[in-house]
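Please look over the sequence and the 3D structure below.

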Amino acid sequence: MRKSIYLLFIAIFCTAGSIHAQSNLKWYTNLEKAQKVAKKQSKPVLVYFTGSDWCAPCKTLKVDFFETERFANLANEVILVEIDIPRRIDIVSKKQLAYNKEIVAKLNKDKSFPKLIAFTSRGRKIDEVSGYGSLRDPVHYFALVEKAKSK
């Protein structure tokens, strides 16, 4: 019995630790501000397009990619931007939603969700990955981050 309680405690502690690590990531919601920071720090920018409350592939990508320890380690070497187009009106402000729609119109013309676009610190597009399949293999997303940080 003690052993079971001990193992349960360890599992909860490890899970809480990984969730806490994810909450320390800095996500910008303004691309221009992120680009200024990227230029100062000489880091690439990753722009993530999501429909956080309606896009099923976005939700699974969040778990399989963004909430992993591997991504948390890579994220220290890039500037993160989230452009969310939710359906619920309480997730982002009207002003933020209008801004997000402008960015989608400029950078995500095909309105593909999820989509991750990498830019150099000077704003040159490196590459992009869009969609997320039922095999739940984020290998292309990790490859994009690796490619971005090597530029």
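The text starts with the whole chain and then turns to local detail.

**Overall fold**

This is a predicted model. The protein chain has 6 helices and 5 strands. Along the sequence they follow the pattern α-β-α-β-α-α-β-α-β-β-α. The chain holds 151 residues, and buried residues make up 39% of them. Among contacts with a separation of 6 or more, 68% are between residues 24 or more positions apart. The chain exposes about 9,500 Å². Carbon and sulfur atoms supply 57% of that area.

**Helix H6**

Helix H6 covers residues 139-149. Its buried residues are Tyr 141, Phe 142, Leu 144, Val 145 and Ala 148.

**Salt bridges**

Side chains of opposite charge can pair when their charged atoms come close. A search of the whole structure finds 9 salt bridges.

| Pair | N to O distance |
|---|---|
| Arg 136 and Asp 64 | 2.8 Å |
| Asp 90 and Arg 88 | 2.9 Å |
| Lys 149 and Glu 146 | 3.7 Å |

Take the pair of Arg 136 and Asp 64. This pair links distant parts of the chain, 72 residues apart. Arg 136 sits in the loop between S5 and H6, while Asp 64 belongs to helix H3. Is Asp 64 buried or exposed? Asp 64 has a relative accessible area of 17%, under the 20% limit, so Asp 64 is buried. Arg 136 has 40% relative accessibility and therefore counts as partly exposed.

The side chains of Asp 90 and Arg 88 also form a salt bridge. Asp 90 has a relative accessible area of 55%, over the 50% limit, so Asp 90 is exposed. Arg 88, at 48% relative accessibility, counts as partly exposed.

Lys 149 is partly exposed at 30% relative accessibility. Glu 146 is partly exposed as well, at 31%. Elsewhere, salt bridges that share partners join Asp 110, Lys 115, Lys 125 and Glu 128 into one network.

**Asn 30**

Where does Asn 30 lie? Asn 30 is in the loop between strand S1 (27-28) and helix H2 (31-41). With a relative accessible area of 22%, Asn 30 is partly exposed. A polar atom of the Asn 30 side chain lies 3.0 Å from the backbone nitrogen of Glu 32. How many residues separate Asn 30 from Tyr 99 in sequence? They are 69 residues apart in sequence, and 8.2 Å apart in space, C-alpha to C-alpha.

Technical notes:
Residues are numbered from 1 along each chain as its sequence is written. This is a predicted model: local features need pLDDT of at least 70, side-chain atom pairs count only at pLDDT 80 or more; totals for chains, interfaces and linings use all residues. Side-chain values use heavy atoms; hydrogens and water are left out. Buried means under 20% relative accessible area, exposed over 50%, partly exposed in between (1.4 Å probe, protein chains only). Helices (H or I, at least four residues) and strands (E, at least two) are DSSP runs, numbered from the N terminus. A salt bridge is a side-chain nitrogen of Lys or Arg within 4 Å of a carboxyl oxygen of Asp or Glu. A polar contact is a pair of N or O atoms within 3.5 Å; within protein, one must be able to donate a hydrogen and the other to accept it, and residues adjacent in sequence count only if both atoms are side-chain atoms. Contact means heavy atoms within 4.5 Å. Accessible areas come from the Shrake-Rupley method with a 1.4 Å probe; for residues, only the protein chains shown count as cover.
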